[in-house]
Amino acid sequence: MKKIALVMALFGSIVLSGCTTTPMPLEKATTVAALAYSSPTDPNNSKITIIRDAGMLGAAIKAHILVNNTLVAELWSNEKTFIFLPDGKYFFGLKMGITRNYMNLDVKENDDIVLRISGDAFDGPSLTQSK
């Protein structure tokens with residue numbers, strides 16, 4: 001009985017560890033074109049980098065990123081994109097399958113902001129601002 005419990009615990013930890021993401025270094029992620037806000041319209045626009053971490057969590061599903069309900073990017077694992085926004089308050093959304101995640105972002109002139117899509121099997125995917 002103890003062997004079965006040990007095997008089950010080992011199997012469970014392998015399965016759950018395969019459903020987490022690993023932070024992807026910006027320089028190693030593949031760059032894809034943004035669908036909107038893909039180039040600066042003013043020299044004071046802020047650059048927003050959106051990167052999706054590596055890992056199996058949602059690997060078969062594209063991450064859809066929205067800004068004020070406009071689709072700006074679709075990312076697979078290990079991909080990043082750049083968008084450019086004027087200063088202001090923005091509502092960012094992440095859609096992956098049935099998962100929805102939202103955040104407000106206050107953008108100032110000439111900001112350089114990194115947003116990361118990551119997650120684990122318990123909390124699911126999330127969109128957060130990197131420090």
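Q: Two strands pair if DSSP finds at least two bridges between them. Which residue in S9 stands opposite Phe 92?

A: Met 103 in S9 stands opposite Phe 92. This is a predicted model, in which local features need pLDDT of at least 70 and side-chain atom pairs count only at pLDDT 80 or more, while totals for chains, interfaces and linings use all residues. Residues are numbered from 1 along each chain as its sequence is written, and side-chain values use heavy atoms, with hydrogens and water left out.

Q: Fine. What does the secondary structure of the protein come to?

A: There are 1 helix and 11 strands. Helices (H or I, at least four residues) and strands (E, at least two) are DSSP runs, numbered from the N terminus. The order of elements from the N terminus is α-β-β-β-β-β-β-β-β-β-β-β.

Q: How many bridges between S8 and S9?

A: S8 and S9 pair over 9 bridges, in the antiparallel sense. Both belong to an open sheet of 4 strands, ordered S6-S5-S8-S9, with antiparallel pairing.

Q: Which strands are at the edge?

A: S6 and S9, each of which pairs on one side only. On average, neighbouring strands of this sheet are turned by 20 degrees against each other, direction ignored. Axes here are lines fitted to C-alpha atoms, for helices over the stretch in contact, and angles run from 0 to 180 degrees between N-to-C directions.

Q: Back to Phe 92. What is Phe 92 in contact with, leaving aside neighbours within four places in sequence?

A: Its partners include Ile 48, Ile 65, Ile 83, Tyr 102, Met 103, Leu 115 and Leu 127. Contact means heavy atoms within 4.5 Å.

Q: Which residues touch the most other members of the largest nonpolar core?

A: Phe 92 is one of them, along with Ile 48, Ile 50, Ile 65, Ile 83, Leu 115 and Ile 117, in a core of 23 residues. A nonpolar core is a set of buried Ala, Val, Leu, Ile, Met, Phe, Trp, Tyr and Cys residues joined through side-chain atoms within 4.5 Å. Buried means under 20% relative accessible area, exposed over 50%, and partly exposed in between (1.4 Å probe, protein chains only).

Q: Which elements give two or more residues to this core?

A: S3, S5, S6, S7, S8, S9 and S10 do. S8 gives the most, with 4 residues. Apart from this core lies another, of 5 residues, among them Ala 29, Ile 51, Ala 54 and Val 114.

Q: And overall, what share of the residues counts as buried?

A: 37% of the 131 residues.

Q: New topic. How many aromatic pairs?

A: The structure holds 1. Ring centres of Phe 91 and Tyr 102 are 5.3 Å apart with planes at 10 degrees, so the pair is stacked. Rings of Phe, Tyr and Trp (its six-membered ring) pair if their centres lie within 6.5 Å; planes under 30 degrees apart count as stacked, over 60 as edge-to-face and the rest as tilted.

Q: Where do Phe 91 and Tyr 102 lie?

A: Phe 91 lies in S8 and Tyr 102 in S9, so the pair ties together parts that are 11 residues apart in sequence. Phe 91 is partly exposed at 33% relative accessible area, and Tyr 102 is partly exposed at 45%.

Q: How many salt bridges?

A: A search of the whole structure finds 4. A salt bridge is a side-chain nitrogen of Lys or Arg within 4 Å of a carboxyl oxygen of Asp or Glu.

Q: What does Glu 74 form a salt bridge with?

A: Lys 62, with the closest N and O atoms 3.2 Å apart. Glu 74 is in S6 and Lys 62 in the loop between S4 and S5, so the bridge ties together parts that are 12 residues apart in sequence. Glu 74 is partly exposed at 28%, as is Lys 62 at 27%.

Q: Which residues do shared partners join into one network?

A: Lys 89, Asp 106 and Lys 108. The closest N and O atoms are 3.6 Å apart for Asp 106 and Lys 89, and 2.8 Å apart for Asp 106 and Lys 108.

Q: Is Lys 89 buried or exposed?

A: Lys 89 is exposed, at 68%. Asp 106 is partly exposed at 37%, and Lys 108 is partly exposed at 46%.
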